[in-house]
Amino acid sequence: MNGLQRKDLLDIQSLSTEEILLICNSAKYFKALFTRSIKTVPILRGKTVCLLFYEPSTRTRISFELAAKRLSADLINIAVQTSSVVKGESLIDTVHTLEAYKADFIVMRHAASLAPHFLSRNIKSSVINAGDGNHAHPTQALLDAYSLIEKRGDIEGLHIGIVGDILHSRVARSNMEIFKRLGARVSLIGPPTLVPDEFTMYAVDIYYDLNTILPQLDVVYMLRIQRERQQGSFFPSIHEYHKRFALTNERLKRCKNNVIVMHPGPINRGIEIDDEVADSPYSIINEQVTNGVAVRMAIFYLLAGGAPLDEKEVE
Amino acid sequence: MTLLIKNGRVIDPLSKLDRYCDILINEGTIVAIDTNIKQQRNIQIVDAQDCIVLPGLVDMHVHFREPGREDVETIAGGSTVAAKSGYTSVCTMPNTNPVIDSQALVRYIKKQAESGPINVHPIAAITKGSLGEELSEMGELIEGGAIAFSDDGKPVLNSTTMRRALEYSRMFNVPIITHAEDSTLSSGGIMNEGNNSIFLGLKGIPKEAEEIMIARDILLARLTKGRLHIAHVSSKGSLDIIAMAKQHSLSVTCETAPHYFSLTDDAIADHLAMAKMNPPLRTEDDRKAIIEGLRTGLIDVIATDHAPHLSHEKMQEIVFAPFGIIGLETAVPLIITILVKENGFDYLQAFEKVTINPCKILGINRGYIKEGAIADITIVNPGKKVIVDNNFIISRCKNTPFLGREFFGLVTHTICNGKIVYPFR
């Protein structure tokens, strides 16, 4: 197989397991570059990458930007301010503009679910989904899978708990998909308002009591909780949420002694995760960030038709 | 003008007639129904070989966007589309801009329809501006030609207002058509709430938003003895509640739309905004229940909820795109293909929902074939395939999830008031 035989990377569901592993394996090669003094390679020289962000994002945008720059691509950064009240150019017209710029890759972040899917059907460029609404965040899932494989060698057999606002989380959806695919047991933990029963269709277990399940988990994946959810009556207060679902120092002590703590960032210290936990040796939150760049480089490389990289090149 | 329809299989749901015979039409009236009527001179023959000959179809729920959005559709344009689709009468919903809440506006719609090919009956607003607050001048609206009342597009949220509407309208003996949606529960929703909405990360509209309001309105119909008609029923639970109302002999009728017996919310992933409508497409269980409801007669009417939107309005993120799909041109093909061919309905059972039943509900003296009746006739070749593509769809707006699909059932002729209005001259 030569690279990824596909135009777009839109969600985990549309990737085969082989493709997932191919991306993770290739990321190793790119990560090895980061310890060198010259971190760029000319793989995407002459190619144009457009970052089209309809939603404010620092981490994901910078991660893609760095990945594209380290591959020597030309970069266009388009940040579009949107709200339902003030609307600028329609997406379809923006698409035509980008087509005219001859962008090879469009990395899209959008607050509306399925916007990248809509885009991909109407443009020849490769579309990479950098997060759409509550739907999918495939590159986050890939970098999380890569991080776990790097740490544990394999995901198969791990029991991974995803904690928090599952309902509004694209990260949770993409991650449960990839973790299940790679053989993990996945449990979702949160209040029923944020973890509706429909999620059992992913063949995951649902728990409302974090304390009970915590000692069984190999990985605790914490999600960011948004204060606005309180207004929607999803939970009564941050105070109560913290008490029942935050990963506190106290709760960390109930975990397995080799537990891995993850978070997609940005973290809310003192809300869903305590300082001591975020900064503890169990946490791989910073490693996730580093790996994000490597995984995104691998995705660009493979979508551009790059051949699988073997172990020797990693040395 | 004299017309003779020959060789067709005549289906009349009112008299349960299903027989091969000829129909002679003179001066807008059916004058004879018999086998082998002799051909006279100076008579136009319509050959209905291989076709079914039906009473002219009636759609009690369309949106023609005039006044206000004539760029999307007009009464004249919509009427032409309806004629091509086999419809001889349509009822226009009042959620235009301005909302049809005064006699002058009702008269305007009648005026705009005058020179058109088919009969247009305006439905007027229940409340002024459809704001759900004060009752519109129902008596004045009826005098202007309104045939029923509805705040379609929005629910009448206030239960007292709805109560008064059902009560007050009793003196006119016209139905109040409810758009049943608890908008405090459905607010912000894009598609049916369920596995698909969870999977796609789109905000769901629980079927309970529809069912709660149907239950409330039925209880208010019981309280007031008013006439309630429930628009666009989409869920199994709604039908269970309506069945109870009918068991108690309340004056409650309902309609569904062809998309609710043809598609499920699985269509969203493929068709995105083209499959976005309100109420939303539900699950396979609901779809099957709708088909059974039509079979048993629990559902009285099939209405299209024809809702044109311009291409650029639908060609955007599904979250931002408006609700609604066009329905007139695909109605007969879907009835023939899904109900008759796939689910074994007979023609009487299928077509009473688009002929005599809506006429009875609305008090329209049409929708049946009988000597002396007004000559509204639709001729359909049920064995002929149609491909729903940009050539087939003559509506300016092509917002339908059925684009590219093939169905059985071609409308060959539409005769309204004794005149052939389709094929166009």
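**Exercise 1. Find which residues B:His413 is in contact with, leaving aside its neighbours within four places in sequence.**

Step 1. Contact means heavy atoms within 4.5 Å. With those neighbours left aside, B:His413 is in contact with B:Val46, B:Ile377, B:Thr378, B:Ile379, B:Tyr422 and B:Pro423.

Before going on, note that this is a predicted model, where local features need pLDDT of at least 70, side-chain atom pairs count only at pLDDT 80 or more, and totals for chains, interfaces and linings use all residues. Residues are numbered from 1 along each chain as its sequence is written, chains are lettered from A and ligands numbered from 1 in the order in which they are written, and side-chain values use heavy atoms, with hydrogens and water left out.

Step 2. Strands (E, at least two residues) and helices (H or I, at least four) are DSSP runs, numbered from the N terminus.

Step 3. Check burial. B:His413 has 18% relative accessibility, so it counts as buried; the cut-offs are under 20% relative accessible area for buried, over 50% for exposed, and partly exposed in between (1.4 Å probe, protein chains only).

Step 4. Look for a polar contact, a pair of N or O atoms within 3.5 Å; within protein, one must be able to donate a hydrogen and the other to accept it, and residues adjacent in sequence count only if both atoms are side-chain atoms. The side chains of B:His413 and B:Thr412 make one, at 3.1 Å.

**Exercise 2. Work out the strand order of the open five-stranded sheet in chain A.**

Step 1. Two strands pair if DSSP finds at least two bridges between them. Strands E5 (residues 159-163) and E6 (residues 185-189) of chain A pair in the parallel sense over five bridges. In E6(A), A:Val186 is the bridge partner of A:Ile160, and A:Arg185 is that of A:His159.

Step 2. The edges are E7 (205-207) and E9 (260-262) of chain A, each pairing on one side only.

Step 3. Now zoom in on E5(A). Five of its five residues are buried, so the strand is largely enclosed by the rest of the structure. A:His159, A:Gly161 and A:Val163 point one way, while A:Ile160 and A:Ile162 point the other way.

Step 4. H5 (residues 138-152) of chain A lies across E5, E8 (219-222) and E9 of chain A, and runs at about 160° to E9(A). Here axes are lines fitted to C-alpha atoms, for helices over the stretch in contact, and angles run from 0 to 180 degrees between N-to-C directions.

**Exercise 3. Classify the aromatic pair of A:Phe199 and A:Tyr202, then find what joins two chains.**

Step 1. Rings of Phe, Tyr and Trp (its six-membered ring) pair if their centres lie within 6.5 Å; planes under 30 degrees apart count as stacked, over 60 as edge-to-face and the rest as tilted. There are 13 aromatic pairs over all chains.

Step 2. The ring centres of A:Phe199 and A:Tyr202 are 6.0 Å apart and their planes are at 25°, so this pair is stacked. Both residues are buried.

Step 3. A:Tyr202 also forms a stacked pair with B:Phe199, at 5.9 Å centre to centre and 25° between the planes. A:Tyr202 sits in the loop between E6 and E7 of chain A and B:Phe199 in helix H6 (residues 195-200) of chain B, so the pair joins two chains.
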